[in-house]
Amino acid sequence: MNSKYWEEDIETMPREALQNLQLQRLKKTMHIASHSPYYGKVFKELGITADALHSVADIRKLPFTTKADMRANYPFGLVAGNMREDGVRIHSSSGTTGTPTVIVHSQHDLDSWANLVARCLYMVGIRKTDVFQNSSGYGMFTGGLGFQYGAERLGALTVPAAAGNSKRQIKFITDFGTTALHAIPSYAIRLAEVFQDEGINPTSTTLRTLIIGAEPHTEEQRRKIERLLGVKAYNSFGMTEMNGPGVGFECLEQNGMHIWEDCYLAEIVDPESGEPMPDGEIGELVLTTLDREMMPLIRYRTRDLTRILPGKCPCGRTHRRLDRIKGRTDDMFIIKGVNIFPMQVEKILVQFPQLGSNYLITLDTIHNQDEMIIEVELSDLISDNYLELEKIRKDITRQLKDEILLTPKLKLVNKGSLPQNEGKAIRVKDLREK
Ligand SMILES: [Zn+2]
């Protein structure tokens, strides 16, 4: 197979045909969902059936589904299929607080998911001759098995290295000739540091493709990962509620993630009012599964903030592109009346080569005043000249003030002095008196 597409007919389907397919699958999805205790009740109360859907836009006649709805109906209130007969796997979201959310899959659902992940990997040039290493946690976390089955479907030689143990990751890369690696962005940077500690130049290895996702990151951070590891890094988007990885993925253009619209119906809404936003404007991503049988989700509020990129992609795929995730509606914090996303801080910090990649924002009450303290690690390059450090600190503070409209207390700390996480980085600590 020499094509640049995994499934050319679907990936390049004209918009009108794609929307017809979406409508047909939406009606089917609604019909299936009505067999679940939760949706059965919701649709009955609204007096609505799939017959009310005449166009894709009619999805607005259906109510949103929230994480709170899923928690209230934990564990199986949204299961529509015959779980005992047809259920083959459960995944659960990494709920750090309260009840986790659970997704149940049939064999059809897992096959559809693996195919989507294979489609993503193929899109960035990974072929069956490649060696694919996955540094995701396995188990309930979908980045493990999700990429595993997708890469196997593609026919690549897979290395289920799982999370952590950086020296071992590097040994696998060099010994097995790994050509493609899946890693969250902060871990990719951590690996580059360990390569250096081990005295190995990462650009001398066979590694050439990196899949990064699961953690919001900036364009500058991507370029940094590419430079440090000598790879091309592609952005990946997914979440447990929508299977996991494989919902959206960048093509070789590295300009937005094609969202697979044959399997997901994407809306961008105003997070406050729930009203639709036009393409190009930032709002909350709302997703509906179109090819899931055991546990369809309709108009799921992802709490991810992003936008649909207007225009066509030069790669020829007709599925619209999502911009990188700008943050979470619930990551946002408010200090002194200003709404701030950690991404805004990160965007400034990555522009200074004197800084390392690890930072921590602490919100605290000091003398009855709310204060924002940003600690950021210095890179190795920096001199210990106090005057020079003070000048850098002032430059960064000024730029931060321009971006977030208030002046944080900035502390430059030595490399390695902030907590180092091998999983998702913790960026904000709120110690304020409530
Ligand atoms: Zn493209």
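How many salt bridges are there between domain 1 and domain 2? The count is zero. The legends below describe a predicted model.

**View 1. Two domains in one protein chain.** Domain 1 covers residues 1-331. Domain 2 covers residues 333-430. Their C-alpha centres lie 30 Å apart. Across the boundary, 23 residues of domain 1 are in contact with 19 residues of domain 2.

**View 2. The area buried between domain 1 and domain 2.** The size of an interface is often given as the accessible area lost when the parts come together. Here about 1,600 Å² is buried between the two domains. Carbon and sulfur atoms give 55% of that area. On the domain 1 side, T218, E220 and D331 lose the most area to domain 2. Together these three residues account for 26% of what that side buries.

**View 3. Elements of domain 1 that touch domain 2.** Between the domains, the count of residue pairs in polar contact is zero, with both residues required to be at pLDDT 80 or more. The salt-bridge count between them is zero as well. Three elements each supply at least two residues of the domain 1 side: α9 (185-197), α10 (219-229) and β15 (327-328). Of the side that touches domain 2, α9 gives the most, with five residues.

**View 4. The surroundings of T318.** T318 sits in the loop between β13 (308-309) and β14 (321-322). Is this residue buried, partly exposed or exposed? T318 has a relative accessible area of 22%, so it counts as partly exposed; the cut-off for buried is under 20%. Leaving aside residues up to four places away in sequence, T318 touches E11, T12, M13, R15, L18 and E261. R71 is 247 residues from T318 in sequence. In space, T318 and R71 are 35 Å apart, C-alpha to C-alpha.

**View 5. Cysteines C263, C120 and C315.** What is the count of disulfides in this model? It comes to zero. For C263, the closest cysteine sulfur is in C120. The two sulfurs are 10 Å apart, too far for a bond, because a disulfide needs them within 2.5 Å. C263 is buried, at 7% relative accessible area. C315 counts as buried too, with a relative accessibility of 6%.

How values were computed: Residues are numbered from 1 along each chain as its sequence is written. This is a predicted model: local features need pLDDT of at least 70, side-chain atom pairs count only at pLDDT 80 or more; totals for chains, interfaces and linings use all residues. Side-chain values use heavy atoms; hydrogens and water are left out. Buried means under 20% relative accessible area, exposed over 50%, partly exposed in between (1.4 Å probe, protein chains only). Helices (H or I, at least four residues) and strands (E, at least two) are DSSP runs, numbered from the N terminus. Contact means heavy atoms within 4.5 Å. Domain bounds come from an automatic or database domain assignment. Buried area is the accessible area (1.4 Å probe) that two parts lose on being put together, summed over both. A salt bridge is a side-chain nitrogen of Lys or Arg within 4 Å of a carboxyl oxygen of Asp or Glu. A polar contact is a pair of N or O atoms within 3.5 Å; within protein, one must be able to donate a hydrogen and the other to accept it, and residues adjacent in sequence count only if both atoms are side-chain atoms.
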